[in-house]
Amino acid sequence: MSSQYQVNIAISAGADFAEEFYLASPDKSPLNITGCKFIGALQKHPGAYNAITTTSEETDYVGIPFTTTVSDGVGGVYRVSLPKSVTSTLEEGKYVYSVSMTDVNGVSQEVVSGLAFVSIAFAGLL
């Protein structure tokens, strides 16, 4: 299994976002991720929680979930995405994100994390 790594990403608010990642075995060959499940989320800062709904018994973490898919299971490629209906609600700035994988044996581990830089997309400006 490959170890967790960090990759910074850029998201344009108001535009569809998608990024593909590649997982490799220790010998650098593609890791077969067929049947694996991925979950990921974007947060304003690590451990962000909802101060209104969090109680002393349970923390309600605030995160914007990514849509995740396996693009090429045998090739070790998975994809995270957000539609423009979600990115249009983001404020410009720096966020954090992480993605975890659960393998076919039920073992979960974080596979990628990093900073997400959200910028406002200005139509017509180049």
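Tutor: Let's start with Ala-18, which touches Arg-79, Val-80 and Ser-81, leaving out residues up to four places away in sequence; contact here means heavy atoms within 4.5 Å. This is a predicted model, where local features need pLDDT of at least 70 and side-chain atom pairs count only at pLDDT 80 or more, while totals for chains, interfaces and linings use all residues. Residues are numbered from 1 along each chain as its sequence is written, and side-chain values use heavy atoms, with hydrogens and water left out.

Ala-18 belongs to strand E3 (residues 17–22); strands are DSSP runs of E with at least two residues, numbered from the N terminus. Its relative accessible area is 34%, so it counts as partly exposed, the range between buried (under 20%) and exposed (over 50%), with a 1.4 Å probe and protein chains only. Ala-18 lies 64 residues from Leu-82 in sequence, yet their C-alpha atoms are 6.5 Å apart in space.

Now follow strand E7 (residues 77–82), which pairs with strand E6 (residues 67–72) in the antiparallel sense over five bridges; pairing requires at least two bridges found by DSSP. Asp-72 sits opposite Val-77 of E7. The two strands make a hairpin with four residues between them, and Gly-76 in the turn has a positive phi of about 75 degrees.

Finally, look at Tyr-78. Beyond its neighbours within four places in sequence, its contacts include Glu-19, Glu-20 and Phe-21, as well as Thr-69, Val-70 and Ser-71.
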